[in-house]
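Me: Please take a close look at the packing inside this protein, and in particular at the nonpolar core. I would like one connected account, with the cut-offs stated.

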Amino acid sequence: MENQNTQNMSENMGLEYNTERTPLIIPEYGRHIQKMIEKAITIEDREKRNNTAKSIIAVMGNMFPHLRDVPDFQHKLWDQLFIMSGFRLDVDSPFEKPTPDVLIKHPDVLQYPQNHPKYRFYGNNIKKMIEVCIGWEEGQLKEALKYSIANHMKKSYLTWNKEAVEDEVVFQHLYELSDGQIDLTKAKEYLTNSNELIKTKQNLTKRTSQGKKTNYKKS
């Protein structure tokens, strides 16, 4: 009984319950902007309706002054105006009018460049380095690049494996990643020793950590 009396009193005073209000399409702009747009839809005179729409756009823009210099900000405001009107607002926009399809458009599927997910610990840059190497003419430079790539792969493998890695394993992985175009499986030259690679990485990490501490003290 008390709730009924409270509701009747609210209706007499012109108050609205949140449960009685229509949902806001873009809540960031608030209910007043939504009501201004609803009012603009009902204006019969086109010129007056256009001027009202421009005024609403100005108010919307003033709510986010820090975005005024952002490219396409005005375009975004006009799109949001039409969206909040349920695409019922018939005005002359300086931009192409959006359609309801924009609300259901799904993002494009991302294409993952890694073709060998079981060797993901090498990273995608290795694949790019291999492609560059394949494109080079045969010679000493290409041969040196092959071993440079293999050494980098070994170092990456150690980061993931934390144990000694046999050169033959790295050569076989390189052979697979290059689709058989880089074959060091019968090579007589050895890669950098695993312990040396681990030691080099530890020293680099130590120097980087010390550098960060020095910069922190200076600042």
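Reply: The protein chain has 8 helices and 0 strands, where helices (H or I, at least four residues) and strands (E, at least two) are DSSP runs, numbered from the N terminus. This is a predicted model, in which local features need pLDDT of at least 70 and side-chain atom pairs count only at pLDDT 80 or more, while totals for chains, interfaces and linings use all residues. Residues are numbered from 1 along each chain as its sequence is written, and side-chain values use heavy atoms, with hydrogens and water left out.

Of the 219 residues of the protein chain, 27% count as buried, that is, under 20% relative accessible area with a 1.4 Å probe, protein chains only. A nonpolar core is a set of buried Ala, Val, Leu, Ile, Met, Phe, Trp, Tyr and Cys residues joined through side-chain atoms within 4.5 Å, and the largest one here has 21 residues, with Tyr122, Ile149, Met153 and Leu174 making the most contacts inside it. Two or more residues of this core come from each of helix 5 (124-135), helix 6 (140-161) and helix 7 (167-177), and helix 6 gives the most, with 7 residues.

Leaving aside neighbours within four places in sequence, Ile149 is in contact (heavy atoms within 4.5 Å) with Ile126, Met129, Ile130, Cys133 and Leu174. A second, separate core has 18 residues, including Ala53, Met60, Phe82 and Ile83. Across the protein chain, among contacts between residues at least 6 apart in sequence, 50% join residues at least 24 apart.

Conventions:
Buried < 20%, exposed > 50% of the residue type's maximum accessible area, 1.4 Å probe, protein only.
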